[in-house]
Amino acid sequence: MADSQPQEPRDSGPEARHEPEHRESPAAPASASVPTPSASASDAPAPEPPHALLLSGARLADGRTVDVRLGGGRIEAVGTAGSLAPGRLPPGGARVDLSGYLLLPAPAEPHAHYDTALTADSPGSAGPPRSAPEDVRRRTTEAALLQLGHGATALRTHTRIGDVAGLRSLEAVLLTRRTLRGLCELTTVAVPRLLTGVAGADGLAMLRDAVKMGATVVGGCPDLDPDPGGYVEAVLDVAAEHGCAVDLHTDGGDPARLSRLAAAAGGLRPGVTIGPCGGLGGLPYETAARTADQLAAAGVTVVCLPQGNCRVLERPSPSAPSSPSRVAPVRLLSAAGVAVAAGSGALRDAANPVGRGDPLEAAYLLASHGEAAPAAAYETVAARARKAMGLPEVRVEAGFPAELLAVRGTEIAGMLSLAYSRVVIHRGRVVSRTSAVREFCDFAAPGGLGLPRQSQG
């Protein structure tokens, strides 16, 4: 019986033979001696890939089958299948056969917590996660590679500063960012706990130090400060002072507080992002709609977390009962003109011990719950997520960045349902592959039903 599934993508050429796979890449050595990071060192651009890459036979979301040539970290050309001959590649170029794969702009992760990720099953998980720099580096590296394998080539992680750890966790994440350069783009949000009153003076000074160290976004959770309005003002002042973006945690259950935030944030550049705003879903429709209009007018972006709310700043006890997670009303916000992106949130920590960190699952949940059509749901984890992070737009067209994801399938709805085999491309280079094979035992089907098979056994 004929194989009903497309073959795995095949590479040809020197670069393809030496391309590393990152299915379960080990964490970077935690004990490595690395200088203290600085903004200039950690933000230096990665060198451009030296060779071209040809993606042949890929299917686009609009149904076309095309060849795509990549070079210099960008898409050089897109043509009909077979039009971009491999012989035209420069010496050292490679070819990847993507027949049977759907080629899309790569997703991005706008809301992660790598400093506490992967701690749900660790020894002593009933207490706060270990904050030793080597532990934070190991968790950050493993979590980032896990999400890279899912397809996210750009990652934003919220890192706590202050308390006992001070700036050590942030320093560890910044060092990891440098280690992962060339595989993915990792940016960091500095998250202080308190910023107002006498108790918040140290947090405010530490927030400014965090920006000087290399944190490119300032944030935090105003809901946990005795003066939420003062907290927001302090964050916006630091952002305006240093030209940083803002990314704040809030449940969004207090419409008056959100109105004040929208009024204060209106017009701020580079921009203001809030999330997960699950509390908006519990407000009366008229109140939620009015609040959504205010957020849209202020240009505030909302990042929802369909896989479960993130309560990591509160350090919930695994044994303590927790309220069910609520997802922001995406359909209502989108109708009001609010830019809505979707993130993964907690990744197997105390807030969500089974978090997968898969952007495609976030899109799947939005589509399956009726908050967005499949194509629009994918936009929340791809184009809208990248825009929320201040990244350049990606299209499968010449001239755009070569940040791409190939998934076995023929259309977006089916891809979100069964997104098993994936090829991830960052800066024009294959950086991760995941291959899935399903086999069934041999049996004699009565009447020759013509059932699909992947293997003859």
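Between which two strands is the loop where Arg427 lies?

Guide: Arg427 lies in the loop between β16 (422-426) and β17 (429-434); helices (DSSP runs of H or I, at least four residues) and strands (DSSP runs of E, at least two) are numbered from the N terminus. This is a predicted model, in which local features need pLDDT of at least 70 and side-chain atom pairs count only at pLDDT 80 or more, while totals for chains, interfaces and linings use all residues. Residues are numbered from 1 along each chain as its sequence is written, and side-chain values use heavy atoms, with hydrogens and water left out.

Although Arg427 is not a glycine, its phi is positive, at about 55 degrees. Most residues other than glycine have a negative phi, and most peptide bonds are trans. Arg427 has a relative accessible area of 17% and is therefore buried (under 20% relative accessible area, with exposed over 50% and partly exposed in between, for a 1.4 Å probe and protein chains only). Leu118 is not a glycine either, yet it has a positive phi of about 60 degrees. The loop that holds Leu118 runs between β7 (108-112) and α3, and its relative accessibility of 13% is why Leu118 counts as buried.

The chain around these residues has 13 helices and 17 strands. Of its 457 residues, 52% are buried. Among the chain's contacts (heavy atoms within 4.5 Å) with a separation of 6 or more, 76% are between residues 24 or more positions apart.

The axes of helix α3 (residues 133-150) and helix α4 (residues 168-179) come within 8 Å and cross at roughly 45 degrees; axes are lines fitted to C-alpha atoms, for helices over the stretch in contact, and angles run from 0 to 180 degrees between N-to-C directions. The angle makes α3 oblique to α4 (under 35 degrees is roughly parallel, over 145 roughly antiparallel, 65 to 115 roughly perpendicular, and the rest oblique). The crossing of α3 past α4 is right-handed, meaning that the near helix is turned clockwise from the far one by less than a right angle. On the α3 side of the contact are Pro133, Val136, Arg137, Thr140 and Thr141, and they meet Arg168, Ser169, Ala172, Val173, Leu175, Thr176 and Thr179 in α4. These residues divide into five nonpolar, five polar and two charged (Ala, Val, Leu, Ile, Met, Phe, Trp, Tyr, Cys and Pro are nonpolar; Asp, Glu, Lys and Arg are charged; the others, Gly among them, are polar). The buried residues of α4 include Ser169, Ala172, Val173, Leu175 and Thr176.

Leu204, Leu207, Arg208 and Val211 of α5 make the contact with Ala234, Val238, Glu241 and His242 of α6. By class, five of these residues are nonpolar, one is polar and two are charged.

At 1.5 Å a residue, its 15 residues should span 21 Å, and the end C-alpha atoms are 22 Å apart, which agrees; the expected span is 1.5 Å times one less than the number of residues. Among the buried residues of α6 are Pro228, Tyr231, Ala234 and Val238. The buried residues of α6 pack against β9 (185-192), α5, β10 (217-220), β11 (245-250), α7 and β12. Just after α6, Gly243 has a positive phi of about 70 degrees.

Two peptide bonds complete the picture. Arg269 and Pro270 are joined by a cis peptide bond with omega of about 15 degrees, and Pro270 is in the loop between α7 (255-265) and β12 (272-276). Another cis bond runs from Gly275 to Pro276, with omega near 0 degrees, and Pro276 belongs to strand β12.
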